[in-house]
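Subject: Handing over the two-chain model

Dear colleague,

I would be glad if you read the notes with the coordinates open.

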Amino acid sequence: MTHPRYSISTDWLSGCGGCEVAIVDLDIEGKLAKFLNDYDLVRCPVLMDTKEYPKANLGIITGAIRSKHDRESAKAMRESCDKLIAFGTCAAYGGISGAGYVHSKEEILNAVFQGKENIPKGIPEMEQSPKPADEEVKIDLYLPGCPPHPAYIFDALNNLLKEQPSTSRPMPVCSTCRRIMKKTEVSVLKKYLDGTDDGKTCLLSQGYLCLGSLTMDRCKAPCPQRGIPCIGCGGPTLQIILEPNRDLRTELAERMSRLTNMEKEKIVHEIEASAKTHYAYTMSSQMINRKQTFNIKKWIQQ
Amino acid sequence: MEKIKIKIDEKRCVGCFLCENECPTKVFGKKVTQGCEISSVVNVDDCIGCLSCAYICPSGAIEFFDLHIVPNFYREIEIINKLEKFL
């Protein structure tokens, strides 16, 4: 008996292309052959020169909406696909392009091109503010992650096309990190490049601002396990999104102040001072920027 | 009335004991599993269901059962609808 083959169309908006690489990385999980057996790629700008938007069972949008071209592409994808996945943090939350949220279109163009007269002709017009894909088109499934780990990609495809129940749970990055979190006597807040990591103890306990406990695990914790503090590229946990009084900086300060000898206020102040880094991936999403606790424009002025 | 049940996922627990530190009624203790010291529930009868432990837990390892859920009316319906579509 032959099983039905599903057609997949992908489009790449303002993003880096890492999400497309993640699909090829299905091979890590030994699932690339199964992917190619079950699905037909009818449009994939990374692999084929296609300008049209053919009809497909599933559309995969990667990247945020930053220009007029992105907006029109997202709409064309919605019209041509039965179901649509916002694939990766950029499509789900705005991602790294979304960090432009704190500046106006004019400020960004001026900083990049040093004057209006230097802007090349023919490039797509930039939107006033970057936004995630769902502000322009209806999305059927969100898969955050920068990029999502291959294990979750197959789960998303099966969940949406074959209507199989998802096995992925919304857990923080710490749930897969194997470092030991313990009380230490550290009293100095370290920058990412300061000192040497001991390889075993949790980075928070060592005084590094690691966002692992506040970030949704769609990556299987590759960075913290190799000594690189989590920068929250997978987007926030449900706790941060749902609770109006809970915020990335207060939650992190709460945990870190109990694990080290640092005061909560000092940690909150440090996060506010480098807020552009800590909120970079999610600040253009209304899930974060509509929160009363989020006041990045004030923090930047200070 | 049903008693609250608390389950700690031993694979996820990172052994920080923030739950023990946070709990107002001393529900949590320590135990050793596979050479690692992790948190365990020692006094479930004292639990008042405040969920402080579940909120402070960095790895989401604490799960509650048979808890009386009160709807949170302060949450935005748009965001809830969106979150239901998250994988």
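Apart from its neighbours within four places in sequence, A:S14 is in contact (heavy atoms within 4.5 Å) with A:G63, A:A64, A:R66, A:D70, A:C90 and A:S97. A:S14 sits in the loop between β1 (6–12) and α1 (18–24) of chain A, helices (H or I, at least four residues) and strands (E, at least two) being DSSP runs numbered from the N terminus. With a relative accessible area of 19%, A:S14 is buried, a term that stands for under 20%, with exposed for over 50% and partly exposed for what lies in between (1.4 Å probe, protein chains only).

As to provenance, this is a predicted model, in which local features need pLDDT of at least 70 and side-chain atom pairs count only at pLDDT 80 or more, while totals for chains, interfaces and linings use all residues. Residues are numbered from 1 along each chain as its sequence is written, chains are lettered from A and ligands numbered from 1 in the order in which they are written, and side-chain values use heavy atoms, with hydrogens and water left out.

Turning to the interface, the contact takes 40 residues from chain A and 28 residues from chain B. The area buried between chain A and chain B (accessible area, 1.4 Å probe, that the two parts lose on being put together, summed over both) is about 3,000 Å², and carbon and sulfur atoms give 58% of that area. On the side of chain A, the residues that lose the most area to chain B are A:Y142, A:R258 and A:M287, which together make up 20% of what that side buries.

Between chain A and chain B there are six salt bridges, each a side-chain nitrogen of Lys or Arg within 4 Å of a carboxyl oxygen of Asp or Glu. In one salt bridge, the side chains of A:R258 and B:E22 meet at 2.7 Å, N to O. The elements that give two or more residues to the side of chain A that touches chain B are β7 (141–143), α6 (150–161), α8 (238–242) and α9 (248–259) of chain A, and α9(A) gives the most, with five residues.

Finally, α6(A) has twelve residues and reaches 17 Å from its first C-alpha to its last, close to the 16 Å expected when 1.5 Å is multiplied by one less than the number of residues. Eleven of the twelve residues of α6(A) are buried, so this helix is largely enclosed by the rest of the structure. After α6(A) comes A:E163, whose phi is positive, near 55°.

With best wishes
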